[in-house]
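Me: I have a protein model open and would like to go through it slowly. Could you walk me through it while I ask things as they come up?

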Amino acid sequence: MQNYIDELKYVISGEDYEINDYIKIHAPYIHEICSFGESLYYHVINLFTRKPYDIAVELYDNGIDYQSITDWDLFYETAPSIPQELSYIIIDGVNFADFVPLINRETNMKYLVNKENENIIIDEAIYRQMVTYLRYVHYISEKVEYDVGNSMAKKFLIDRMRRKAKKAEKDYLSGKRKIESKIGNMIKYCVNSSGFKYDYDSVMNIKLCQLYESYHFITHNKERDNVLSGIYHGSIDMSKMKDKSILNIIPDLHK
């Protein structure tokens, strides 16, 4: 499986990520997402990148233990239900409704095969390439927050997640909780940071992956400056810092 992302080619330059002759992941410009709809865009990204843990309550209500399946299993089951009018924003020219889930009975391996063109196949390796890229450029962690070992603890976790989701929905409907623009907040932060050369108009013509990189890089540098200032003024003892990665000039942002 290819999990390496050519950062210069597919992140810094914002080139579309070509997986094979049939599947290419589009790196959208900010203005494209504005036209498509930010909330809808992240909904589509979630359909490709979500982990079973992310919908543990829904799976539980359908009699499925989220720890018993993988993210590939989840995508395999749900991909054919993704409408093309949504998926085109990241993968144009491929209609996921045309895919048929198949299982090789000899190897027990799962495949999604396009019924219109049998050369278009998505197996777990291709899915891993897709999801690795999408998680990388959107800073989506692959970490599962909670792995629980017994049914009682799992039931407690599910109940807590359910209560949290209901409260969030209630707060949203009552106006207590507002949906903020993630991209808008990143733009405001970057545009009003010294050294960022784009304004509110010109930033619309850069790729989202480039905005993410700029935002996280600027954030790191500001935190680094604060730590260096603390070290210089004696409020931070550098010898007692367990993690000194914040001091890196060129940080590893994708940990």
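Me: Which residues of helix 9 are buried?

Reply: The buried residues of helix 9, which runs over residues 182–191, are I183, M186, I187, C190 and V191. Buried here means under 20% relative accessible area, with exposed over 50% and partly exposed in between, using a 1.4 Å probe and protein chains only. Helices (H or I, at least four residues) and strands (E, at least two) are DSSP runs, numbered from the N terminus. The model is a predicted one, where local features need pLDDT of at least 70 and side-chain atom pairs count only at pLDDT 80 or more, while totals for chains, interfaces and linings use all residues. Residues are numbered from 1 along each chain as its sequence is written, and side-chain values use heavy atoms, with hydrogens and water left out.

Me: Where is F196, then?

Reply: F196 is in the loop between helix 9 and helix 10, and it counts as buried at 13% relative accessibility. Leaving out residues up to four places away in sequence, F196 touches C190, V191, V203, S214 and I218, where contact means heavy atoms within 4.5 Å. From C-alpha to C-alpha, F196 and S214 are 8.3 Å apart in space, although 18 residues apart in sequence.

Me: What about H220, buried or exposed?

Reply: H220, which is found in helix 10, is buried, with a relative accessible area of 9%. Apart from neighbours within four places in sequence, H220 is in contact with S245, I246, N248, P251 and L253.

Me: Changing topic, which residues touch the most other members in the largest nonpolar core?

Reply: Those are F48, F75, F96 and I122, out of 52 residues in that core. A nonpolar core is a set of buried Ala, Val, Leu, Ile, Met, Phe, Trp, Tyr and Cys residues joined through side-chain atoms within 4.5 Å. Helix 7 gives the most to this core, with 7 residues.

Me: What does F75 touch?

Reply: Not counting residues up to four places away in sequence, F75 touches L47, F48, I82, F96, L112, I122, Y127 and M130. Another core, of 11 residues, lies apart from the largest one, and among its members are Y53, V57, L59 and M161.

Me: One more for the whole thing: how many helices and strands does the protein chain have?

Reply: The secondary structure of the protein chain comes to 10 helices and 5 strands, and of its 255 residues, 39% count as buried. Along its principal axes, the C-alpha trace spans about 65 × 45 × 40 Å.
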